[in-house]
Amino acid sequence: MKIAVIGTGYVGLVTAACFANLGHAVIGVDKDEEKIERLNRGEVTIYEVGLPELLLRNLGRNLNFTTNTDNAVRVSEIVFITVGTPQGEEGEADMSYVVEAASEIAASIKGYKIIVNKSTMPVGSTRLVERVIKEKAGGEEFDVVSNPEFLREGTAVRDFMNPDRIVVGTESQKAAGIMSELYRSLKAPLFITDAASAEMIKYASNAFLATKVSFINAIANICEATGADVKEVALGMGYDHRIGFEFLRSGPGFGGSCFPKDCQALIEIARGSGYHFYLLEGVMQVNREQMELTAGKVERRLGELSGKAVAVWGLAFKANTDDVRDSPAVEIVRLLLDGGAKVRVYDPQAMENARTLLPEGVEYARDPLHTVTDADLLLILTDWDEFKMQDFRKVGELMKSREVLDARNCLEPLSIRRLGFNYEGIGR
Ligand SMILES: NC(=O)c1ccc[n+]([C@@H]2O[C@H](COP(=O)([O-])OP(=O)(O)OC[C@H]3O[C@@H](n4cnc5c(N)ncnc54)[C@H](O)[C@@H]3O)[C@@H](O)[C@H]2O)c1
């Protein structure tokens with residue numbers, strides 16, 4: 001099939017490359033000229049395992065990139081909208097990029113097309129995009145369907161190719177048939193439902209996962225006070241198939257470009273519908289406090305922050321991505337700086353993105369060992385494998401004092417303590 005993907009960020013680029021690899025003819029479109037130039041040179045603009053190989057295999061054959069929405073829409077049967085839906089001023093999803101993309105698509109529609117809302121959009125957005133297109137596209141025939149994306153950064157290619165389910169929200173039989181055909185080669189349950197339910201499935205899924213994270217973080221805090229070990233507790237809970245092991249890892253709080261903004265948007269959707277979502281407000285509150293608690297632990301361990309050297313490993317919101325949007329690490333570094341600490345940071349992939357968000361005064365290290373040199377405390381905020389595999393004997397020799405706060409519970413406490421470290425995790 002012929003596909004256009006409008007917006008080649010984390011979701012759009014993965015979508016475009018994966019569909020191309022499945023044999024479809026794909027044109028990726030972005031407003032960002034530099035991004036498109038780099039993609040056309042075969043340079044991947046985000047860090048995502050497996051993506052460079054897909055790009056190189058398909059580029060110039062059934063995968064092309066352009067800044068020209070008009071042409072891409074004209075030659076395509078299916079047009080995906082994968083632009084950002086960031087948090088608006090009141091916490092709601094900012095739909096301005098979607099509306100802009102929909103207007104541009106409308107101007108180029110000739111003949112039947114399916115417009116696919118793949119970005120995360122509030123309930124009612126399928127109707128909104130329909131209205132925007134109808135206004136500009138005259139009498140052209142089209143369908144707008146909701147097809148939310150569930151991929152996770154870090155395993156995005158694998159997730160796209162092996163989804164747990166594919167959700168398609170539409171009342172149009174014709175569109176449902178074409179969407180089924182599009183995804184036919186992916187062996188996953190295709191769940192066809194109405195557009196509003198499809199939109200809600202995405203928000204409800206993210207809010208549920210965020211709830212699991214805040215729940216285990218709350219349990220971790222109680223574990224600390226009562227002498228239980230949250231890792232053991234989560235394991236014991238996870239064996240119950242009604243609960244499962246996933247998203248029960250305590251840490252410095254959830255972050256990234258989805259959970260925080262999607263939870264906030266769902267709180268706003270609920271408010272607009274007349275329901276006060278206390279539960280989800282609690283989830284967000286626990287998350288904010290978890291970041292403060294983590295920074296507070298550093299202060300408690302050091303006596304005071306002022307003038308103390310803190311080495312931070314990890315800035316990305318989780319391992320295997322360069323994404324620092326709403327990363328707990330970025331927030332915690334800010335809190336440490338506010339308290340007067342001297343902070344030196346390192347991340348294998350996210351340094352460049354972090355520079356745009358972190359305040360002045362942060363020192364950027366060359367590698368993990370450079371980060372810890374003369375440090376009063378090592379704080380681990382992202383669980384990259386690179387950190388777990390460090391030579392901690394060497395780390396200890398380089399540090400001023402052997403203090404480790406492992407906010408991801410990714411080290412083995414016994415072996416670290418055996419090397420003379422004063423080790424602390426979260427909830428252990
Ligand atoms: N990042 C994730 O892990 C993830 C997972 C599932 C769903 N989502 C959702 O997918 C959507 C996209 O997220 P993302 O992380 O890929 O965003 P992103 O910011 O990485 O990418 C958005 C891209 O769209 C481009 N763009 C904006 N307006 C445009 C226009 N009119 N024409 C062409 N290009 C345009 C931007 O230049 C940018 O490159 C969001 O709604 C997000 O919530 C994200």
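The paragraphs below walk through the domains of this predicted model, a pair of its strands and the surroundings of its ligand.

The domain assignment divides the chain into domain 1, covering residues 2-193, and domain 2, covering residues 259-424. Taken over C-alpha atoms, the centres of domain 1 and domain 2 lie 34 Å apart. The two domains also touch: 15 residues from domain 1 and 14 residues from domain 2 take part in the contact. On the domain 1 side, the residues that touch domain 2 comprise 8 nonpolar, 4 polar and 3 charged ones.

A pair of strands comes next. Strand 7 (residues 166-169) and strand 8 (residues 190-193) run parallel and are joined by 4 bridges. Within this pair, Val-167 has Phe-191 of strand 8 opposite to it.

Finally, we can turn to the ligand. It is surrounded by 28 residues, the closest being Gly-7, Gly-9, Val-11, Ser-119 and Thr-120. Sorted by class, the shell around the ligand holds 9 nonpolar, 11 polar and 8 charged residues. Helix 1 (10-21) and helix 5 (96-106) each provide at least two residues of this shell.

Notes:
Residues are numbered from 1 along each chain as its sequence is written. This is a predicted model: local features need pLDDT of at least 70, side-chain atom pairs count only at pLDDT 80 or more; totals for chains, interfaces and linings use all residues. Two strands pair if DSSP finds at least two bridges between them. A residue is near a molecule or strand if its C-beta atom, placed from the backbone, lies within 6 Å of it. Ala, Val, Leu, Ile, Met, Phe, Trp, Tyr, Cys and Pro count as nonpolar, Asp, Glu, Lys and Arg as charged, and the others, Gly among them, as polar. Domain bounds come from an automatic or database domain assignment. Two residues are in contact if their C-beta atoms, placed from the backbone, lie within 7 Å.
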